[in-house]
Amino acid sequence: MSISFNQIPANWRLPLYYAEVDPSKAGQNVLDQPALIWGHKLASGSATLDVPVPVGSLNQAQALFGIGSMLERSVAAFLKNDQASEIWCIPVAEPAAGVVAAGSFTVTGPATAAGTLSVYIAGQLVEIAVASGDTATAIATALAAAINGSATLPVTAAAAAGVVTTTARWKGLTGNDIRLAVNLGGVSAGQALPGGVGVAIVQMTGGTGTPLLGNAIAGLGDDPYEYVSFPWNDSTSLNAIEAEFGFGDAGRWGWLRQLYGHVFSAYRGTYSSLIAFGAGRNSGVTSILEIEPDMPTPIWEVAAAYTAQAARSLLNDPARPLQTLPLYGVAGAPKGSRFRASERNTLTMSGFAVQDVRADGTVQIVREQTTYQTNAYGVTDTAYGLVTTLATLARLFRNQKQVITSKYGRHKLANNGTRFGPGQAIVTPNTIRAELVAQYAADEYDGLVENLAAFKTGLIVERDSGNPDRLNILYDPDLVNQLRMFAVLAQFRLQFAANASETTA
């Protein structure tokens, strides 16, 4: 008997009809690519620290992490951009030895006319009514009460002698990223200081400390998390997450784990400070979006919005560029304090993903650059320079793994030319070669790769000379590229020659 059965034994003698079901040729690859949002929780949240937890709604996030927490606000930002992805969150304790950040609004008065005071905290509007004759102390007291009444804000407030002090809800460097502003909407939004009222701002500062991530990273285990929103951009935290998602033996992109995944973050700074920061980063799995100093939205919410749009797009098509995708809920830096195109172009060369602001005020992705810039010898290299490269490779590997494991999970291995009966669970190098070529053709049809003929020429499938049970494959896919620049040389004329067929130099 040449047919290889998996279940029906060869020595079974009882009659009559027995059917064995084999799904190996019917299955298709099912994409399981959840997002993972990192951040701090508040004491009011019920979630357990360092343990990933699924989140299906903003209400769940508020209960699990506390209203106004970093994680709650990050989930809100993610959901504004993607409500279809599976979301997990991992709450991390604030730095035990950290210090909270604080800032202030100093109000002067009294008001000589009634009006509305409009302040922004982390891009969120807080308004109070001001009556003519209100003193600075009265206005500050009302403003502090309004801030404390907005539970979703990442700060609490206290007023004294016309000064409203804002204090971050958690310890650490990230509290310094909460921006304070007045009248961001401008005249077009009907925002102006009431007559006689002035407001001076001291931005949030003084926050110190970074989280310990070891237990949280260990808590991830080998569960898949494809799109990771990461709020911390200090070198210690980035090094830790990049080791987990990197290419080493213990990394998720390593040969042993084969879990893959991409880390998305953001970094606020001046042009020069961004250039300096970029020089110290070099990872193909991490994409950090630059933001200007005056962008109102904090980095953890920018990171969550960026992650959500990446997840939404790359899940559908990992090779399609992310340029022009909007970051809903992210407020752009005011006009006059945005990076110029030339600056953004240079920032991409320093390993930053870049954004700009549309005419309607919507922030959009311009280029999804990774921090990868040089090879192991410090030579400039573009191999992992774009998020789409590794995203496409991950899809190719998963497609290939699904085919091989579903069809050939319990097969025997023989040399090419071996004569065996039809139906035998045997493969040869040529069998696998044909399977890989067929899969490549399917991937080409799906717009992931190109140049099938060249791939077939370069593909090598051979038995290992020292291990007869092992196949070695040289797999060199030609990844499809993206339309990222349309360059036109316009050689205009003021007048064509009298003879239309005549050409001029």
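Predicted model: local features only at pLDDT ≥ 70, side-chain atom pairs only at ≥ 80, totals over all residues.
Residues are numbered from 1 along each chain as its sequence is written, and side-chain values use heavy atoms, with hydrogens and water left out.

Helices and strands are taken as DSSP runs numbered from the N terminus, a helix being H or I over at least four residues and a strand being E over at least two. Helix α7 covers residues 299-316 and helix α9 covers residues 387-408, and the two pack at an angle of about 45 degrees with their axes 11 Å apart; axes are lines fitted to C-alpha atoms, for helices over the stretch in contact, and angles run from 0 to 180 degrees between N-to-C directions. This angle makes α7 oblique to α9, given that angles under 35 degrees count as roughly parallel, over 145 as roughly antiparallel, 65 to 115 as roughly perpendicular and the rest as oblique. In the contact (heavy atoms within 4.5 Å), Tyr306, Leu314, Leu315 and Asn316 of α7 meet Val387, Thr388, Ala391 and Arg395 of α9. Sorted by class, this contact has 5 nonpolar, 2 polar and 1 charged residues, where Ala, Val, Leu, Ile, Met, Phe, Trp, Tyr, Cys and Pro count as nonpolar, Asp, Glu, Lys and Arg as charged, and the others, Gly among them, as polar.

Helix α9 also packs against helix α10 (residues 429-445), their axes coming within 11 Å and crossing at roughly 140 degrees, which makes α9 oblique to α10. This crossing, too, is right-handed. Residues of α9 that take part include Leu396, Val403 and Ile404, and among their counterparts in α10 are Ile432, Glu435 and Leu436; by class, the contact has 6 nonpolar, 4 polar and 3 charged residues. For residues 380-492, UniProt lists "domain: Tail sheath protein C-terminal" in an unreviewed entry; UniProt positions are given in the numbering used here, feature names are shortened, and annotations may be inferred rather than shown by experiment. Over residues 380-492 the chain is 41% helix and 14% strand, with the end C-alpha atoms 37 Å apart.

A further helix pair is formed by α1 (residues 58-65) and α2 (residues 70-81), which pack at an angle of about 165 degrees with their axes 8 Å apart and are therefore roughly antiparallel to each other. Leu58, Ala61, Gln62 and Phe65 in α1 meet Leu71, Glu72, Val75, Ala76 and Leu79 in α2, a contact that has 7 nonpolar, 1 polar and 1 charged residues.

Turning to the sheets, 4 strands form an open sheet in the order β7-β8-β4-β10 with antiparallel pairing, two strands being paired if DSSP finds at least two bridges between them. Strands β7 (155-160) and β10 (198-205) stand at the edges with a single partner strand each, so one side of each is left without a neighbour in the sheet. The twist from one strand to the next averages 15 degrees. Strand β7 is joined to β8 (residues 163-171) by 6 bridges, with Thr156 standing opposite Thr167 in β8. Strand β4 (residues 100-108) is joined to β8 by 6 bridges, and 6 bridges also join β4 to β10, where Gly198 is the bridge partner of Thr108.

Another open sheet, of 3 strands, has the order β6-β5-β9, again with antiparallel pairing. Its edge strands are β6 (124-130) and β9 (180-182). Strand β5 (residues 115-121) pairs with β6 over 7 bridges, and helix α3 (residues 136-149) packs on the sheet, touching β5 and β6, with its direction at about 140 degrees to that of β6.

Two features of the backbone remain to be noted. Most residues other than glycine have a negative phi, and most peptide bonds are trans. A cis peptide bond, with omega about 10 degrees, joins Gly109 and Pro110, and Pro110 is found in the loop between β4 and β5. Gln258, in the loop between α5 (235-244) and β12 (262-268), has a positive phi near 50 degrees.

How values were computed. Left-handed = near helix turned anticlockwise from the far one by under 90°.
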